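Please walk me through this structure in the viewer. Tell me what to select next and what is there.

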Amino acid sequence: MTGAVAARLAELGLQLPPVAGPVAAYLPAVVVGDLVWTSGQLPFVDGALPTTGVVGEGAGLVPPPDAARLARICAVNALAAIGSVADLDRVVRVVKVVGFVASAPGFGGQPQVVDGASRLFGEVFGEAGRHARSAVGVAALPLGAPVEVEVVAALR
């Protein structure tokens with residue numbers, strides 16, 4: 001990968017991983033018109049989840065700051081998915097981010113967790129990385145992941 005986005009990722013010390021293969025019948029990303037839609041991206045590192053479980057405060061739960069770091073990994077994986085169908089230098093705006101957080105009962109910090117992804121898009125794309133967003137608490141996510149992120153980006 002070459003170009004401005006690749007250079008910015010290198011400045012941030014980030015390298016895009018190979019696109020995670022689907023775990024069911026779907027594609028990692030699809031381009032429709034000038035939009036690219038990613039499937040939900042889990043925080044895979046080298047093909048494995050670095051941690052599993054639900055997010056919350058207390059013993060046996062994934063601490064919110066750790067979950068925010070995992071959301072950042074999801075965002076990097078989303079960039080890889082986008083890059084699999086379009087040159088990342090064609091991205092003119094991150095339009096929408098939806099973050100799902102496997103949440104312990106009573107946990108309400110989903111926005112802070114999903115900020116891990118949102119901040120990454122701002123670091124990579126600047127103002128064009130600012131987006132509309134939903135941060136949703138759920139009972140469970142695929143493979144026991146604590147967080148999942150999907151993205152819609154506009155292309156030129």
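**First stop: a glutamine in a loop**

Select Gln41. Gln41 is buried, at a relative accessible area of 5%. Buried here means under 20% relative accessible area, exposed means over 50%, and partly exposed lies in between (1.4 Å probe, protein chains only). Gln41 sits in the loop between strand 2 (35–38) and helix 2. Helices (H or I, at least four residues) and strands (E, at least two) are DSSP runs, numbered from the N terminus.

A word on the source: this is a predicted model, where local features need pLDDT of at least 70, side-chain atom pairs count only at pLDDT 80 or more, and totals for chains, interfaces and linings use all residues. Residues are numbered from 1 along each chain as its sequence is written, and side-chain values use heavy atoms, with hydrogens and water left out.

Now show the side chain of Gln41. One of its polar atoms lies 3.1 Å from the backbone oxygen of Ser39. A polar contact is a pair of N or O atoms within 3.5 Å; within protein, one must be able to donate a hydrogen and the other to accept it, and residues adjacent in sequence count only if both atoms are side-chain atoms.

Next, display what surrounds Gln41. Leaving aside neighbours within four places in sequence, its contacts include Pro28, Cys74, Asn77, Ala78 and Val147. Contact means heavy atoms within 4.5 Å.

**Second stop: an asparagine in a helix**

Move to Asn77, which is in helix 2. Is Asn77 buried or exposed? Asn77 counts as buried, at 8% relative accessibility. A polar atom of its side chain lies 3.2 Å from the backbone oxygen of Phe44. Not counting residues up to four places away in sequence, Asn77 touches Pro17, Gln41, Leu42, Pro43 and Phe44.

Strand 1 and strand 2 run antiparallel, joined by four bridges. Two strands pair if DSSP finds at least two bridges between them. Val32 has Leu35 as its bridge partner in strand 2. The hairpin of these strands has two residues between them, and Gly33 takes a positive phi near 60 degrees there.

Strand 5 pairs with strand 2 in the antiparallel sense, over three bridges. Look for Val152 in strand 5, opposite Trp37.

Select helix 1 (residues 4–11). Val5, Ala6 and Leu9 are buried. Seen down the helix axis, the buried residues fall within an arc of 100 degrees, so they line one face of helix 1. That arc is taken from the directions from the helix axis to the C-beta atoms. The buried residues pack against helix 2 (64–83) and helix 3 (110–125). On the face turned away from the buried side, find the exposed residues Ala4, Ala10 and Glu11. Past the helix comes Gly13, with a positive phi near 75 degrees.

**Last stop: the whole chain**

Zoom out. The protein has three helices and five strands. Along the sequence they follow the pattern α-β-β-α-β-α-β-β. Buried residues make up 42% of the 156 residues. The C-alpha atoms fill a box of roughly 45 × 35 × 25 Å along the principal axes.
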